Amino acid sequence: MTRAGRLRVALVGLLVGLLELACRAGWIDPVAVIPPTRMVAGAWRLLASGQYTKDILLTLSNVAIACVLAVASGFAGGWLLYKLPRLRRAADPLLASYYSVPTFIFYPLFIVLFGLNRWPLVAIGFVFAVVAMMLSTLQGFERVPRVLRRTARAMRLSTTQEMIHVVLPACAPHLFTGVKLAIVYAFIGVIAGEFVLSGAGFGFQVAFAYNSFDNPTMYGLMLLLLGFVGGLNMLLYSWERRMYLRRGGR
Amino acid sequence: MEAGRASSPWLDKALLAVALMAVWQLLSTLAGPEVLTTPLATVRRLAQLMAGPDFGRHAAETATAFVVALVIALAGGLLLGVGLGANRLCGEVAEPLLVGLYSIPKITLYPVVLLLFGLGMSAKIAFGAIHGIIPVVLFTMNAVRNIPRAYLRAGHSMRLTRRQMFVHVLVPASLPEIVTGFRLGFSLTLLGTLIGEMFASQRGIGYLLIKSMENNDIDIIVALALLLVSLATAASWLLLGLERRLHGRFAR
């Protein structure tokens with residue numbers, strides 16, 4: 001581990017320790033925050049009891065479906081924007097402001113459209129994730145070095161060959177970034193939707209525990225969720241870094 | 001740059017707006033106007049909402065919370081970002097943590113924010129600022145870190161004072177990227193403030209949204225969404241224009 005990595009672990013450990021101390025000493029109202037050790041105990045109890053397994057699996061499968069759909073159509077959309085630069089320039093402000101509106105306000109609309117099942121939530125995750133994938137794809141296509149395209153043409157590659165052997169590998173890191181963002185945003189969308197209006201799933205259970213003042217369960221669920229999403233992210237982030245470094249960029 | 005092309009950006013934007021309206025109209029015809037309100041009916045509903053007695057109060061509440069959160073996010077993000085960017089080790093320690101914070105669904109943290117700040121203004125502001133500050137920190141940090149050493153050496157060899165160095169070298173070199181961070185921070189602060197209002201408040205646009213979600217008033221939701229999208233898009237347009245001018249002026 002690098003020096004920065006060691007320091008990071010120490011810093012996080014110190015913060016958690018301080019929180020533990022502050023909670024145990026009563027500096028923080030126990031109604032607001034419970035000590036981290038009790039959060040961990042709560043999380044373990046939830047996992048062991050198996051009571052929430054169904055909700056967890058429901059949320060994960062929703063996220064997975066939303067993600068796959070978003071990656072596929074985001075890729076297509078990014079390619080379309082790349083091919084139509086006029087459309088792209090006109091849509092720029094719209095795309096830039098896309099994430100400032102909480103998309104899950106359209107949940108009731110999706111419920112009317114899709115019925116009261118998992119699809120409205122999938123739709124929210126999809127709507128949240130698709131634009132991130134689109135923008136990353138666009139960026140990837142735009143940053144393929146000219147010299148590569150010219151070389152491909154000099155070697156008389158067909159359009160398909162150029163796409164498969166030159167363009168896609170060249171923009172692979174950006175596509176990976178897009179997939180990473182799509183996963184993150186799909187999580188945010190699905191969980192937010194479950195939070196607001198839903199009868200099952202991870203987000204719903206957190207909201208339910210909050211409303212019934214069940215702090216150990218609430219913090220346990222939160223810890224599980226944030227730990228899972230955070231861990232997944234760290235993994236994807238370190239892959240991504242390695243990918244970009246290998247290109248000699250950044 | 002594709003100079004010499006006769007397409008005006010304004011025309012393209014107008015065309016896009018018209019096309020989006022057409023798609024919207026088509027969708028609402030297909031789904032039925034009671035499922036998705038038509039564009040015309042939405043504009044009318046919005047005008048009616050805005051003329052209502054309470055709307056000004058709600059809008060002012062949201063605007064206040066948003067502005068305060070934005071100031072906190074931008075000022076705090078700038079300070080933290082410059083500090084972390086100037087010190088290599090601190091930056092390396094903090095960056096993955098910040099990226100991690102950036103990507104977790106912060107909406108799950110709302111119970112904690114509520115329990116810490118209580119219902120009302122401060123919870124909304126905290127929620128907005130939490131969402132907005134991280135991109136500002138990340139972009140500022142990278143902007144400061146990526147200032148080419150050659151600039152600094154050139155500045156030193158010209159014996160610039162600290163002040164001159166700051167005004168003529170450091171700010172111009174890092175400004176374009178910082179503005180990009182500000183733009184993202186702006187969007188996310190708005191998102192955070194609205195989410196905060198949805199759960200932690202009895203006033204504001206976010207509260208109107210959650211109330212109409214619960215009552216299934218699709219027409220109000222669509223009208224408010226139109227308002228928010230228009231405002232956010234206008235702001236992004238301005239900031240994008242600023243960003244482009246800065247990038248052009250200080251192009252490396």
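Mentor: Helix 3 of chain B and helix 6 of chain B are roughly parallel to each other, because angles under 35 degrees count as such. The model is predicted: local features need pLDDT of at least 70, side-chain atom pairs pLDDT 80 or more, while totals for chains, interfaces and linings use all residues. Residues are numbered from 1 along each chain as written, with chains lettered from A and ligands numbered from 1 in written order.

Trainee: At what angle do helix 3 and helix 6 of chain B pack, and how far apart are their axes?

Mentor: Helices here are DSSP runs (H or I, at least four residues), numbered from the N terminus. Axes are lines fitted to C-alpha atoms over the stretch in contact, with angles from 0 to 180 degrees between N-to-C directions. For residues 55-86 and 121-145 of chain B, the angle is about 30° and the axes are 6 Å apart.

Trainee: Is the crossing of helix 3 and helix 6 of chain B left-handed or right-handed?

Mentor: A crossing is right-handed if the near helix is turned clockwise from the far one by less than a right angle. For helix 3 and helix 6 of chain B, the crossing is right-handed.

Trainee: Which helix of chain B gives the largest share of the side that touches chain A?

Mentor: Contact means C-beta atoms, placed from the backbone, within 7 Å. In total, 46 residues of chain B are in contact with 47 residues of chain A. The largest share of the chain B side, 11 residues, comes from helix 10.

Note on methods
Two residues are in contact if their C-beta atoms, placed from the backbone, lie within 7 Å. Helices (H or I, at least four residues) and strands (E, at least two) are DSSP runs, numbered from the N terminus. Angles under 35 degrees count as roughly parallel, over 145 as roughly antiparallel, 65 to 115 as roughly perpendicular and the rest as oblique.
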